[in-house]
Amino acid sequence: MAVIGGGPAGSFFTLHLLKAARSNGFPLKVTLFERKHFELPGPAGCNMCAGILSSRVVMGLQELGLSVPPSVIMGRLRRYMLHWRQTRVAIEPPDPTRQILSVFRGAGPKLGIVPPEASFDTFLLSQAEAAGASVVPEHVLEVTFAPGEPAEVRTAHRHAAFELVVLASGVNARVPTLFGMNYQKPPTVTMAQDEIRLNHPSDPGTVHVYCDEPYGLLFGGLVPKGDYISVSLLGHGLPGRSLEPFLGALRERGVLREDPERLCGCRPRVAIGPASGFYGDRFVAVGDAAVTRLYKDGIGSALHTAKCAAHVVFERGIAGRDFGRYYRPIVQAIAHDNRYGKWLFHMWEHAKGEGLLSTLGQRALLAEGHLAPAWRVHASLLWYMFTGDAPYRSTMLGLLSWPSLRNLFFAAGRRPITRSKLSS
Ligand SMILES: Cc1cc2nc3c(=O)[nH]c(=O)nc-3n(C[C@H](O)[C@H](O)[C@H](O)COP(=O)(O)OP(=O)(O)OC[C@H]3O[C@@H](n4cnc5c(N)ncnc54)[C@H](O)[C@@H]3O)c2cc1C
């Protein structure tokens with residue numbers, strides 16, 4: 001079997017398939033093609049992401065008998081600090097037992113000094129190799145599928161036939177030419193990602209989220225990673241130099257006390273919808289190459305799709321009808337949940353500006369600061385939106401629930417917010 005791409009989806013697929021094969025005493029050969037060298041710093045070795053591991057990923061690793069090594073953990077995230085217009089609100093985890101970690105995907109920023117073994121993707125790929133996969137450090141150029149025949153995989157230096165081809169190439173690389181398949185990669189939007197360093201780093205467990213500037217910003221986050229901070233901006237039509245106004249605004253608000261040193265930067269793409277033709281006879285796509293959770297917990301959904309596809313391969317078969325029957329519903333369920341996500345982010349786009357919704361939202365959050373944790377409905381909902389730690393559907397139902405509406409109703413009667421009214 002050939003797996004194209006050794007990011008989270010490719011490594012998780014391999015780990016789950018080999019685990020199932022091993023526990024059933026069934027010998028399986030998996031060849032995993034990966035074009036990048038994750039032990040290199042900067043974009044050359046990095047799969048370009050903010051590097052937040054949700055509790056779903058942490059628990060998923062435990063299921064495989066693995067845990068993120070201390071050398072890979074760059075931070076343990078305990079709260080989000082939302083800077084919203086005049087308001088600053090601490091968003092605490094609704095369930096503090098659920099761990100959220102920050103990691104580097106490669107060996108840190110281009111101009112930084114991070115040991116190669118800190119890379120999360122190196123850790124996962126080495127686990128797949130230790131489980132028995134052969135890792136080929138080459139770029140797959142094309143695959144040819146012919147009815148009833150093994151698929152031919154070609155790189156610049158070799159070609160070989162495989163019973164099954166698993167596409168785990170994400171959305172930031174050109175898809176290999178797939179002769180005999182109708183695969184279309186998912187629609188994407190561009191994000192901005194930077195790595196910075198400060199002389200006086202802030203609280204290592206806090207992610208700062210800011211949403212006012214630049215124009216088009218949906219939200220931007222500062223994710224602490226040891227001596228470094230990853231900056232991720234998500235928005236619509238963000239200008240090419242969107243980071244300067246973002247960091248400038250955070251300086252003005254006192255979140256950053258100095259001009260940061262900028263060490264790395266990229267403009268990666270993020271998937272916003274499902275791929276089409278993501279399975280066929282002897283072919284299946286997993287991770288971002290198939291579908292991902294909208295804007296959040298992409299590594300968690302890579303784990304989920306990879307695990308489900310591996311189980312279908314091992315327990316059902318590799319024919320298009322097997323994937324159609326048992327794998328397609330998984331992809332569709334994620335795409336369906338993303339519709340609620342779209343709705344929530346749409347609401348957020350309105351709420352984060354000026355107007356009644358914004359005022360009510362800020363007042364409700366401030367008022368919740370005085371309530372017991374169980375009653376902080378809007379803070380919990382924001383936690384789930386920022387971390388992706390719950391399905392969008394349940395987050396939306398939470399927003400429409402009676403306790404949420406009641407808190408908004410009482411917020412309407414509260415005094416106006418002044419900049420000095422901050423919750424911490
Ligand atoms: C700015 C940004 C921030 C994000 N932040 C987070 C976050 O904080 N937490 C989170 O969970 N998710 C986050 N995501 C999403 C997350 O990065 C992806 O969902 C996740 O990486 C998907 O894993 P994957 O294995 O499917 O794809 P990728 O991680 O993209 O891996 C694909 C791999 O395939 C390899 N490859 C591609 N083509 C070939 C080929 N032809 N031959 C050989 N190898 C090939 C690539 O080199 C790469 O290593 C973020 C995304 C962006 C853009």
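How many salt bridges does a search of the whole structure find? The search finds 15, a salt bridge being a side-chain nitrogen of Lys or Arg within 4 Å of a carboxyl oxygen of Asp or Glu.

## Basis of the model

This is a predicted model, in which local features need pLDDT of at least 70 and side-chain atom pairs count only at pLDDT 80 or more, while totals for chains, interfaces and linings use all residues. Residues are numbered from 1 along each chain as its sequence is written, and side-chain values use heavy atoms, with hydrogens and water left out.

Side chains of opposite charge can pair when their charged atoms come close. Asp 194 and Arg 262 meet in a salt bridge, 3.0 Å from N to O. This pair links distant parts of the chain, 68 residues apart: Asp 194 is in strand E15 (residues 192–197) and Arg 262 in strand E19 (residues 261–266). Helices (H or I, at least four residues) and strands (E, at least two) are DSSP runs, numbered from the N terminus. Asp 194 is buried at 8% relative accessibility, whereas Arg 262 is partly exposed at 38%; buried means under 20% relative accessible area, exposed over 50%, and partly exposed in between (1.4 Å probe, protein chains only).

Arg 253 forms a salt bridge with Asp 212, with the closest N and O atoms 3.7 Å apart. Arg 253 lies in the loop between helix H4 (243–252) and E19, and Asp 212 in the loop between strand E16 (206–210) and strand E17 (217–225). Arg 253 is partly exposed, with a relative accessible area of 21%, and Asp 212 is buried at 18%. Salt bridges that share partners join Asp 194, Arg 241, Glu 244 and Arg 262 into one network.

## Nonpolar cores

A nonpolar core is a set of buried Ala, Val, Leu, Ile, Met, Phe, Trp, Tyr and Cys residues joined through side-chain atoms within 4.5 Å. The largest such core has 70 residues, of which Phe 13, Phe 120 and Tyr 327 touch the most other members. Helix H5 (residues 298–315) gives the most to this core, with nine residues. Apart from this core lies another, of 35 residues, including Leu 77, Val 270, Trp 348 and Leu 365.

Leaving aside residues up to four places away in sequence, Phe 13 touches Val 3, Leu 164, Val 166, Val 286, Ala 306, Ala 309, Ala 310 and Val 313; contact means heavy atoms within 4.5 Å.

## Aromatic pairs

The structure holds 18 aromatic pairs. Rings of Phe, Tyr and Trp (its six-membered ring) pair if their centres lie within 6.5 Å; planes under 30 degrees apart count as stacked, over 60 as edge-to-face and the rest as tilted. The rings of Phe 26 and Phe 314 have centres 5.9 Å apart and planes at 85°, so this pair is edge-to-face. Phe 26 is in the loop between helix H1 (8–23) and strand E2 (31–33), and Phe 314 is in helix H5, 288 residues apart.

Phe 345 and Tyr 392 also form an edge-to-face pair, 5.8 Å centre to centre with 75° between the planes. Phe 345 is buried at 4% relative accessible area, and Tyr 392 is buried at 1%. Both residues belong to a cluster linked by ring pairs, whose members include Tyr 80, Trp 84 and Phe 219.

## Cysteines

A search of the whole structure finds zero disulfides, a disulfide being a pair of cysteine sulfur atoms within 2.5 Å. For Cys 264, the nearest cysteine sulfur is that of Cys 266, 6.4 Å away.
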